[in-house]
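Have a look at the model first.

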Amino acid sequence: MRVLLVEDSAADARLVLEMTREDPASSVELVHATRLTDALRRLSFETFDAALLDLSLPDARGLEVVKRVQETATDLPIVVFSGQQDEAQALESVRSGAQDYLLKGRTDAMLLTRALRYAIERKRAELQIQHLAYHDGLTGLPNRRLFFDRLHQGLARTRRQKNLLALLFLDLDNFKVINDSLGHLAGDQLLQEVASRLSSHLRDSDTVARLGGDEFAIIMPEMANVEDVIRVATKVQWALEPPLYLYGQSHHLTASIGISLYPNDGGTPEALLRCADAAMFQAKRRGRHVYHLYSAALGHESSDRLSLCNGLRRALDADQFLLHYQPRVDARTGRILGVEALLRWRHPTCGLLPPSRFVPLAEEMGLIVPIGQWVLNTACTQAELWNRSAAGRHLRMSVNLSGREFGNKNLGKTVETTLKSTGFPPSRLELELPERGLMGDEQRTASSLRELSSLGVRLSVDDFGIGQSSLRLLKQLPIDALKIDQSFVRDVATDPYNTAIVRGIIGIAHGMGATAVAEGVETPEQAARLMGQDCDELQGFYFGMPQPAQALTALLEEAAD
């Protein structure tokens, strides 16, 4: 091990050197720096296996030492070596990124070398889990989560530099035909080849991501003009043209490409992706194997969208919303522990609509807060009715919060008022927060969650694994459950990469003292694999479809009998 010791006390440095020499099997090469600036300079051009840090230095003190070392060498394992027996400081050091905390005067040679080796292994495991969480298991490309992170960064840079950022959305033409005729293994091989070709034909500053299925996206920052973007789109099409041989047969790849530009077509990652997606569908309609630039006209082509926007303004007053409820069961016993309230819209002409059709519109239109208040009140009222019956006693009720609802400063008061008016016990209400909603202003997030937690309600992170949450931040928040996104659950029984990600998320949840919940469970094989990985609770079509309150009441009564 090559270890960087950052310690201003000559006596303590000698002591560490003596301890490393006491155990000849440890093979520790110690490099000593007396100031943080010296250590950071070394880290910028030298490689170390671990760092041993004192938190009281001439040019830095406390957690600032850990933070600045992490900023310079993000993958470096850190062991704090402090003279202060302070449990709070020890915990904060680990929460800030250190792998261990040792006390001077209470550490011998064996403990020191063991702590360093364990820190290296823990850091390696953390990095592996992080890589799996941010990259597509099949192609190795950035996944949707890392894609949005890179797009956020690219937009921030582009705003400062005042140039163009282009987003290309690719959908392979006729991929389903190859997948269905030759099988999924051939389809996987094709997707890997596409990923390789795209990656090799773009700049280092560009990001190629697999968003799911046969959909890819390319982020191109620092573009000079639209003509350069079109040249790249053409280059991408050329890269896919050479034939691909699968099982002795030659196949030609083509893709339909939609292009959106910042600042022309939107100022947020979500807006740019929507525009690129709309442009891609326009490319499909034009005959495929073409690219299409988004235009404002595309945003007005859909009469369905306009109809939904107009209808949403009247839906709440017209009593057109209703809730369906889906069971959540104990993974070991199969007993129903609670239900999740799922919003539906009884549209007068389109029929029963799922939230994916109208909630994003409600957020854009600023209607999600009053709709969310209706959902919370209706769900708690129904839960209290169940709570008063023998069949539904002790049942938990989960209610989803959108990012905008979570940002509402009156959320805590709304929840408190609702619980009092309905009489539903706070301990049986669980609020599901979107993972992306936790990012941004960390201080505000922590304050909001602590306010909600102080009411006695449970808090869970929904769709965990595809947002942008910081593990460092999560450890400091009063989170009671992590809900594993169904995109990982879908292939958990067949895809070793998804299996590893699910195992990692379950480990993170249990390490936080939280419950691990898998959503989207549809088969007995998925359920068995999740139970084998010590997942606590399961939810999905395999255990029950979302259904109206009356139907679920019958199910609860049947289970009670």
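By class, 16 nonpolar, 13 polar and 10 charged residues make up the lining of the second largest pocket. Nonpolar covers Ala, Val, Leu, Ile, Met, Phe, Trp, Tyr, Cys and Pro, charged covers Asp, Glu, Lys and Arg, and the others, Gly among them, are polar. A pocket here is an open set of points on a 1 Å grid over the protein atoms alone, where a 1.4 Å probe fits, with protein on both sides within 12 Å along at least five of seven lines; lining residues have an atom within 4 Å of a point.

This is a predicted model, so local features need pLDDT of at least 70 and side-chain atom pairs 80 or more, while totals for chains, interfaces and linings use all residues. Numbering runs from 1 along each chain as its sequence is written, and side-chain values use heavy atoms, without hydrogens or water.

The second largest pocket has a volume of about 1,200 Å³, the space filled by probe spheres set on grid points joined across faces, edges and corners. Of its 39 lining residues, E126, Q130, L471, R472 and K475 are the closest to the centre. Helix α5 gives the largest share of the lining, 10 residues; helices (H or I, at least four residues) and strands (E, at least two) are DSSP runs, numbered from the N terminus.

| Residue | Phi |
|---|---|
| K162 | about 60 degrees |
| D319 | about 55 degrees |

K162 sits in the loop between α6 (144–161) and β8 (164–172). At 75% relative accessibility, K162 counts as exposed (over 50%; buried is under 20%, partly exposed in between, with a 1.4 Å probe and protein chains only).
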